[in-house]
Amino acid sequence: MPGLWPYLLVAPTVLGAAYLLLYPLLRSVVISFQHFRTGELIRGGAAFVGLENYQEVLGSGEFWSVVWRTLLWTAVNVVLIMVISTLVALMIARLRKRLRLAVMSGLVLTWATPVLAATTIFQWLFQSRLGVVNWLLATLGLESFRSYTWFADGTSTFVILVVLVVWQSVPFAALTLYAALTTIPAELYESARIDGATGWQIFRNVTFPILRPLFGLITSLEVIWVFKCFAQIWAISRGGPDGATTTLPVYAFQVAQSLHKYDLGAAISTLTVLILVAALITHLRRMLRHEGDQL
Amino acid sequence: MRLRRLPLTLAALSVLIVSVFPVYWMVLTAFKPTRDIQADTPTFWPSHPTLDHFATAISADGFGLFWRNSLLVTVSAVLAAMAVALLAAFAVARMRWRGRRGFILMVFIAQMAPWEALLISMFIIARDTGMLDKLSMLSLIYFMTTLPFTIVTLRGFLAAIPPELEEAAQMDGASRVVAFRRVVFPLLAPGLMSTSLFGFITAWNEFAFANALIIKNQDDRTLPVWLSSFSNIFGTDWGATMAAATLFMLPVLLIFLVLQRRVTSGFTAGAIKG
């Protein structure tokens with residue numbers, strides 16, 4: 001009988017994943033091949049229409065502009081997050097104890113801020129008449145920012161969302177990179193310095209090669225998080241104004257919830273997952289193989 | 001020497017200010033009288049602190065109800081995830097069986113599941129099964145979103161406890177269940193604690209599903225969704241809005257304070273050790 005025990009122990013997990021993860025995933029794919037609008041939602045009996053939904057989605061100019069916007073959104077955020085996090089991590093490593101503790105506590109505070117609290121705070125910071133950001137810019141002499149309405153303009157809303165997501169994401173990446181930096185033996189730096197290497201050469205030839213696997217891991221995690229980011233965008237702009245902040249997850253939700261075109265929304269969701277998997281496939285394979293080796 | 005460190009110190013101070021200021025500004029606004037909030041020149045120090053805005057936020061329609069909803073959904077999801085994960089983690093960390101490797105890979109993949117892409121099918125499934133506008137549906141989803149992470153961390157903590165301890169207890173005549181409850185469980189308690197707190201934070205903050213699945217029955221909303229519609233509730237009363245945001249953040253902040261002291265060392269060690 002002992003042979004059966006492990007399977008009984010993992011059974012609840014497997015059943016939960018089957019019903020709450022695998023089934024919704026398959027259902028989403030199935031719906032993307034059906035005609036599924038309000039009528040089918042109420043009465044049921046959706047008919048299969050083959051690739052029609054995909055043809056409609058891929059044939060619309062709107063979809064492609066959303067795809068490009070999503071790629072831009074992901075690239076800008078991830079590059080900023082990685083560059084700033086690396087600089088912050090290198091900076092923390094050079095600080096004296098008290099200041100280091102203060103900076104790290106500050107980062108943890110940012111990290112602990114719930115997404116919805118952060119979106120509300122940022123709407124207040126960038127409020128047009130009473131917001132502290134406009135006051136600061138106007139005080140610094142940029143008079144055009146007095147009572148500037150950030151959320152009425154597509155580009156400036158996009159910029160605020162980037163600032164928000166970078167602000168929220170840097171703590172995790174910076175603290176993880178810093179923790180890894182502390183594991184690099186000091187002798188390596190010393191010998192490099194004796195050989196006359198400059199700061200940049202040391203980073204490129206000593207620090208970066210050692211941290212490369214971790215850089216890869218953090219970058220892929222950030223790509224996933226930023227690419228599928230929904231709550232921040234929905235809470236602040238709902239994809240607006242004029243669609244300027246509509247990324248793929250927001251677009252799929254809009255098409256399904258506001259236009260009641262569940263079939264097209266499901267097709268967009270499926271394409272979103274495919275794009276994400278395609279972008280990360282080589283890295284995911286390496287990561288899973290690595291995890292597999294550790295078992 | 002001091003002068004040479006100046007750029008570094010300045011950089012550190014600006015990072016500190018940028019990371020702390022938004023939260024400080026939220027708390028400060030929540031305590032400022034409306035007169036100061038609407039002043040042309042903002043004040044950066046609480047000169048006349050007031051609790052008025054907290055009173056407004058707490059007496060807002062349904063505030064207590066949404067707190068109760070959020071707590072109910074979060075706690076039930078985390079407890080269920082702990083119970084189910086503990087069983088699975090034990091099977092993975094302590095037993096050898098066919099399919100174990102595949103199971104672990106499945107858990108890792110589930111950890112990266114693109115939940116946002118399932119919003120639409122979850123909505124339709126909930127509607128078909130009469131679970132739309134039900135808090136129990138949210139509980140189920142949060143249970144599943146926190147489960148993979150919980151299994152991975154608990155497995156790490158379990159692996160760090162030497163199996164010889166249980167074996168010794170079993171040789172003294174205890175059954176496997178008794179050995180686990182008396183010997184392993186007490187050692188696992190800190191791990192269970194920190195893992196559940198991280199799960200709590202994830203579920204407490206969740207917005208996308210709460211927003212998509214609770215539509216008609218507004219009394220069943222959770223705090224994040226309620227907070228996202230602050231302009232409908234408080235209009236331009238930024239003091240009350242910031243007080244509401246502060247109250248929403250409070251439990252998360254308390255958890256981080258507890259975690260930081262007790263767990264950072266144990267947590268990472270437990271999570272990394274396979």
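This is a predicted model: local features need pLDDT of at least 70, side-chain atom pairs count only at pLDDT 80 or more; totals for chains, interfaces and linings use all residues.
Chain A has 13 helices and two strands, and 64 of its residues are in contact with 68 residues of chain B.

**Chain A overall**
- Of the 295 residues in chain A, 36% count as buried.
- The C-alpha trace of chain A spans about 75 × 75 × 35 Å along its principal axes.
- Looking at contacts in chain A with a separation of 6 or more, 66% come from residues 24 or more positions apart.

**What UniProt says about chain A**
- An unreviewed UniProt entry puts "transmembrane region" on residues 7-26, 71-93, 105-126, 158-181 and 264-284 of chain A.
- Residues 7-26 of chain A are 100% helix and 0% strand, with end C-alpha atoms 24 Å apart.
- Residues 264-284 of chain A are also 100% helix and 0% strand, and here the end C-alpha atoms sit 28 Å apart.
- The unreviewed entry also lists "domain: ABC transmembrane type-1" for residues 67-285 of chain A.
- That span, residues 67-285 of chain A, comes out at 77% helix and 0% strand, and its end C-alpha atoms lie 24 Å apart.

**Where chain B meets chain A**
- On the chain B side, 68 residues are in contact with 64 residues of chain A.
- Elements giving two or more residues to that side include helix 4 (63-94), helix 7 (135-159) and helix 13 (238-262) of chain B.
- Helix 1 of chain B makes the largest contribution to the side touching chain A, with 13 residues.
- By residue type, the side of chain B that touches chain A splits into 54 nonpolar, eleven polar and three charged.

How values were computed: Residues are numbered from 1 along each chain as its sequence is written. Chains are lettered from A and ligands numbered from 1 in the order in which they are written. UniProt positions are given in the numbering used here, feature names are shortened, and annotations may be inferred rather than shown by experiment. Helices (H or I, at least four residues) and strands (E, at least two) are DSSP runs, numbered from the N terminus. Two residues are in contact if their C-beta atoms, placed from the backbone, lie within 7 Å. Ala, Val, Leu, Ile, Met, Phe, Trp, Tyr, Cys and Pro count as nonpolar, Asp, Glu, Lys and Arg as charged, and the others, Gly among them, as polar. A residue is buried if 20 or more other C-beta atoms lie within 10 Å of its own, exposed if 12 or fewer, and partly exposed in between; C-beta atoms are placed from the backbone.
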